[in-house]
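Me: Could you help me learn to read a protein model? I would like to take it one feature at a time.

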Amino acid sequence: MVSKNQKEFLFNLSKLGLSDFKFTCNQNLILGEIALEDKWQVEKLLTQYNIGQNISNLRQSSMSCVALPTCPLALAEAQRYLPELITKIEPLLVKHKIDQEDISIRMTGCPNGCGRSYLAEIGFVGTAPEEYNLMLGADRYGTRLNQIYKSKIKEPEILQELDYLFGLYKKEALDHETFGDFSFRKFFN
Ligand code: SF4
């Protein structure tokens with residue numbers, strides 16, 4: 001979901017006419033075709049609006065579908081809720097000293113999976129209002145799907161499970177083993 005601050009940044013950048021905008025399939029935005037001599041103006045705006053700074057790795061790799069209120073098939077929130085949930089997950093990563101890991105996290109409002117939640121190392125699939133299947137075991141490169149680890153759980157249990165899983169990962173992961181590979185080996189192999 002684009003914040004007011006981000007909208008203002010994009011509006012002011014577009015007014016300068018220095019860059020084009022490329023939207024990627026991972027919901028990222030690439031600012032392209034910026035002339036070298038104009039780069040400082042874009043960097044100034046990025047700093048002014050605090051874009052791309054002080055964002056956790058988890059938040060950077062997060063993705064969701066539109067879900068409520070846009071999609072009539074949605075059973076639960078996704079794009080409006082995932083940023084809030086990430087704010088609660090980030091301290092758990094810090095607690096277990098794994099906040100520098102590039103763990104992918106995605107959420108969709110129903111099992112159709114438009115936000116490709118089945119390819120996330122931590123996937124959430126909405127099943128009812130405020131209720132999600134927690135999916136684990138995918139790899140972050142999109143070559144292995146995740147599987148259901150816990151069905152139909154709400155936020156308190158989600159945070160409790162992730163706290164447990166991050167602790168387990170920190171304690172038992174092999175050298176350079178990603179969270180997705182660890183979850184797959186531990187629970188589904
Ligand atoms: S995953 Fe479901 S809720 Fe999300 S956009 Fe697709 S159909 Fe709608």
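**Helices, cores and a loop**

Reply: Gladly! Helix H1 (residues 4–16) and helix H2 (residues 39–48) pack with their axes 10 Å apart, at an angle of about 165°. Bear in mind that this is a predicted model, where local features need pLDDT of at least 70, side-chain atom pairs count only at pLDDT 80 or more, and totals for chains, interfaces and linings use all residues. Residues are numbered from 1 along each chain as its sequence is written, and side-chain values use heavy atoms, with hydrogens and water left out.

Me: How are H1 and H2 oriented: roughly parallel or roughly antiparallel?

Reply: Two packed helices are described by the angle between their axes and the distance between the axes. Axes are lines fitted to C-alpha atoms, for helices over the stretch in contact, and angles run from 0 to 180 degrees between N-to-C directions. Angles under 35 degrees count as roughly parallel, over 145 as roughly antiparallel, 65 to 115 as roughly perpendicular and the rest as oblique. H1 is therefore roughly antiparallel to H2. Phe9, Asn12, Leu13 and Leu16 in H1 meet Gln41, Val42, Leu45 and Leu46 in H2; such contact means heavy atoms within 4.5 Å.

Me: At what angle do the axes of H4 and H5 cross?

Reply: The H4 and H5 axes cross at roughly 25° and come within 10 Å, so H4 and H5 are roughly parallel to each other. Among the H4 residues that meet H5 are Leu85, Ile89 and Leu92. Helices (H or I, at least four residues) and strands (E, at least two) are DSSP runs, numbered from the N terminus.

Me: How many residues does the largest nonpolar core have?

Reply: In soluble globular proteins, nonpolar side chains tend to be buried together. A nonpolar core is a set of buried Ala, Val, Leu, Ile, Met, Phe, Trp, Tyr and Cys residues joined through side-chain atoms within 4.5 Å. Here the largest one has 33 residues, and Ile122, Phe124, Leu162 and Phe166 have the most contacts inside it. H5 gives the largest share of this core, 7 residues. Apart from it lies another core of 7 residues, including Phe9 and Val42.

Me: Is threonine 178 buried or exposed?

Reply: Buried means under 20% relative accessible area, exposed over 50%, partly exposed in between (1.4 Å probe, protein chains only). Threonine 178 has 11% relative accessibility, so it counts as buried. You will find threonine 178 in the loop between H5 and H6. Leaving out residues up to four places away in sequence, threonine 178 touches Glu121, Arg140 and Tyr169.
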